[in-house]
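The following briefing is intended for a reader who has the sequence and coordinates at hand. It is arranged by topic.

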Number of protein chains: 2
Amino acid sequence: MERKSEKNEAKGKGGNKPSLPEKPEAFLQEESVPNFSLLPKTVKRRVYALKRLQLQSANIEAKFYDEVHELERKYATLYNPIFDKRREIVSGAIEPTDEECEWQSARGDEELAEDLQKKAALEEKQADSAAAVDPKGIPEFWLTIFKHVDVLSEMLQEHDEPILKHLQDITVKFSEPGQPMSFTLEFLFEPNSYFSNTVLTKVYKMKSEPDAADPFSFEGPEIVDCDGCKIDWHKGKDVTVRVIKKKQKHKGRGTIRMVTKEISQDSFFNFFNPVKATPDGVDEDLDFTLATDFETGHYFRERIIPRAVLYFTGEALEDDESFEEEDLEEGEEEDLDEEGEEEDEGDDGPMTDPPPAECKQQ
Amino acid sequence: MERKSEKNEAKGKGGNKPSLPEKPEAFLQEESVPNFSLLPKTVKRRVYALKRLQLQSANIEAKFYDEVHELERKYATLYNPIFDKRREIVSGAIEPTDEECEWQSARGDEELAEDLQKKAALEEKQADSAAAVDPKGIPEFWLTIFKHVDVLSEMLQEHDEPILKHLQDITVKFSEPGQPMSFTLEFLFEPNSYFSNTVLTKVYKMKSEPDAADPFSFEGPEIVDCDGCKIDWHKGKDVTVRVIKKKQKHKGRGTIRMVTKEISQDSFFNFFNPVKATPDGVDEDLDFTLATDFETGHYFRERIIPRAVLYFTGEALEDDESFEEEDLEEGEEEDLDEEGEEEDEGDDGPMTDPPPAECKQQ
């Protein structure tokens, strides 16, 4: 399948997939397998021997992932100078040189048809005059990414937007060798009127060895827990709560007074106050929320942080999203039709755009 | 999400994802992105600077994957003694010791209720007497796997089954360092009456660096091509063709003669005679077939070879398949209902069984 979005989740970087803390029945009893019980005893015991060998494999696999994690730590030091420079350009701390800004498709503009050129020039002029002063860096860089990426825009509330305009960078830090495996997302904010923190953190703890009770489900490190941080909101600025006024009647005297009460409300900033897993998964609703949180943490780490600019421009968005936003130029549709002529009538679906192997994350 | 089948494809082993040779428009022009053209010129050039940095990241990423591939080669030597032993047990070359066959759930049998014990004992007795003689090794080990795994059972034809009973092992070999990245699947057969080969091979060639024309689509090594092998079928045994007889009339003389003609037919063994990619993807039907082949090769390498016994017993089958085959014990359904009581009415789907993040491969 071309352009598999499946690949997006399979970057091989240690396979650090999010998972819920507890798994239902992943470890099927072979007795439940059709015909297993019909095997002669002698064959069954050979199968058990193979299963013992499989346990050895799982333990070797765990060591493999430890080494991949070490590799990731090593490569993080290679990526960091690039990410530092990105942050400085985004914040306006440094202005890139002309050479650093040279880009193929910017040069390609000259090849555009004359009328398109004029249109582009006009738009550019309008844009320039709209920004009366030259803006600093790339304004709303991270907020724009939040708006472009479904999984984030679903968490984003209107009251979050002015705060996220102050978000300067998101980074990932890996646990030190010898420590339990984890990674920390750091959200760096410029000084703002909402809270006094300059960095908000979210730690994702991972489990990187086969579970004794369920060794065959091991597929590499999994996120098993996470911790947020305390946000020191300035008075009246906490967007994760809403203040409501309530009449309260004194039982004895019958007098009425007004009391204020804080109730929680939706906000991206609830991301820093995650729910906790319930023992034995008694609360499925809660566990589902947590699983979604793990997905989001994984997505920040694997996709958004490493290639933020592509989410800003939209180039990294999932196929289906990109297709929606992409306007075909006139004439292009006819070309596509010509290609379509070769198709059988009897095929079981369009060949051009097979469904992505991975369902869209929510 | 728990028990994500997504994880199945994301083992981190170099992210060697299958892909079609050519990609349509994965490299979106930022001009097609909403509002990009409205950005002031100064901001646009900073975005271009970030994109140049992103190219540097992609090149570092390619080196990361090279190192992961080296790790895989290193670990292959650790897995090989285990796989060798598996092959010897499957073929009956060695008989595992009692200690090597000790398995928890085999011991757990004693805890089964008495009537279930009796039933199991009876079934075992029947099975033992059915196998009049003690079978060698684990009969039809690989054929059973082919039948259990959807992606393989779809290729499997009735005429393939007697041949696959002779399949003794499937192994994967990685390319040597310094060579273009590839892996070779080897299918080892015991001597049989169908063909003279003792091993059938399929080589998958990979591309492990960013494409100059489309660097941002790089996600790690991808399968880009494959080669099969010639099968030396014994006379009349080639199941990939069907012989038909046809009447042929001589144009001049009007005499009629019978000619035989071979036409191709469905068979798993067509796997060793793959189609070739068409330049520029002119034949979408063909390219779709090829993409499916790449998926299959990837699946053999990443899933079936490393954990064959779990596909034999069924434990490694995808969630939905396992669920179909799993019979709930009486009373269990009621327990599930009780848990369901906590659910809101207004939720947007069942919480118990979120859809797997990855759609089932075909």
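**Cysteines**

The sulfur of Cys229(B) lies 12 Å from the closest cysteine sulfur, that of Cys226(B), which is too far for a bond; a disulfide is a pair of cysteine sulfur atoms within 2.5 Å. This is a predicted model, in which local features need pLDDT of at least 70, side-chain atom pairs count only at pLDDT 80 or more, and totals for chains, interfaces and linings use all residues. Residues are numbered from 1 along each chain as its sequence is written, chains are lettered from A and ligands numbered from 1 in the order in which they are written, and side-chain values use heavy atoms, with hydrogens and water left out.

- A search of the whole structure, over all chains, finds zero disulfides.
- Cys229(B) counts as partly exposed at 22% relative accessibility, whereas Cys101(A) is buried with a relative accessible area of 7%. Buried means under 20% relative accessible area, exposed over 50%, and partly exposed in between (1.4 Å probe, protein chains only).

**Chain A overall**

- Chain A contains ten helices and seven strands; helices (H or I, at least four residues) and strands (E, at least two) are DSSP runs, numbered from the N terminus.
- Of the 362 residues in chain A, 47% are buried.
- Among contacts in chain A between residues at least 6 apart in sequence, 65% join residues at least 24 apart, where contact means heavy atoms within 4.5 Å.

**Helix H1 of chain B**

- Helix H1 of chain B (residues 41–91) has 51 residues and should span 75 Å at 1.5 Å a residue; its end C-alpha atoms are 70 Å apart, which agrees. The expected span is 1.5 Å times one less than the number of residues.
- H1(B) bends by about 35° at Tyr79(B), and Pro81(B) follows within four residues. The bend is the angle between axes fitted to the seven residues ending at a position and the seven starting there.

**Helix H4 and Phe268 of chain A**

- Helix H4 of chain A (residues 141–148) is largely enclosed by the rest of the structure, because seven of its eight residues are buried. Among them are Trp142(A), Phe146(A) and His148(A).
- Phe268(A) is found in the loop between strand S7 (256–264) and helix H7 (284–304) of chain A, and is buried with a relative accessible area of 0%.
- Not counting residues up to four places away in sequence, Phe268(A) touches Phe146(A), Met155(A), Asp160(A), Leu164(A), Phe187(A) and Phe300(A).

**Aromatic pairs and nonpolar core**

- The whole structure holds 54 aromatic pairs over all chains. Rings of Phe, Tyr and Trp (its six-membered ring) pair if their centres lie within 6.5 Å; planes under 30 degrees apart count as stacked, over 60 as edge-to-face and the rest as tilted.
- The rings of Phe146(A) and Phe268(A) have centres 4.8 Å apart and planes at 85°, so the pair is edge-to-face. This pair links distant parts of the chain, 122 residues apart.
- One aromatic cluster of chain A includes Phe146(A), Phe187(A), Trp233(A), Phe268(A) and Phe269(A).
- Within the largest nonpolar core, of 146 residues, Phe187(A), Phe269(A), Phe187(B) and Phe269(B) touch the most other members. A nonpolar core is a set of buried Ala, Val, Leu, Ile, Met, Phe, Trp, Tyr and Cys residues joined through side-chain atoms within 4.5 Å.
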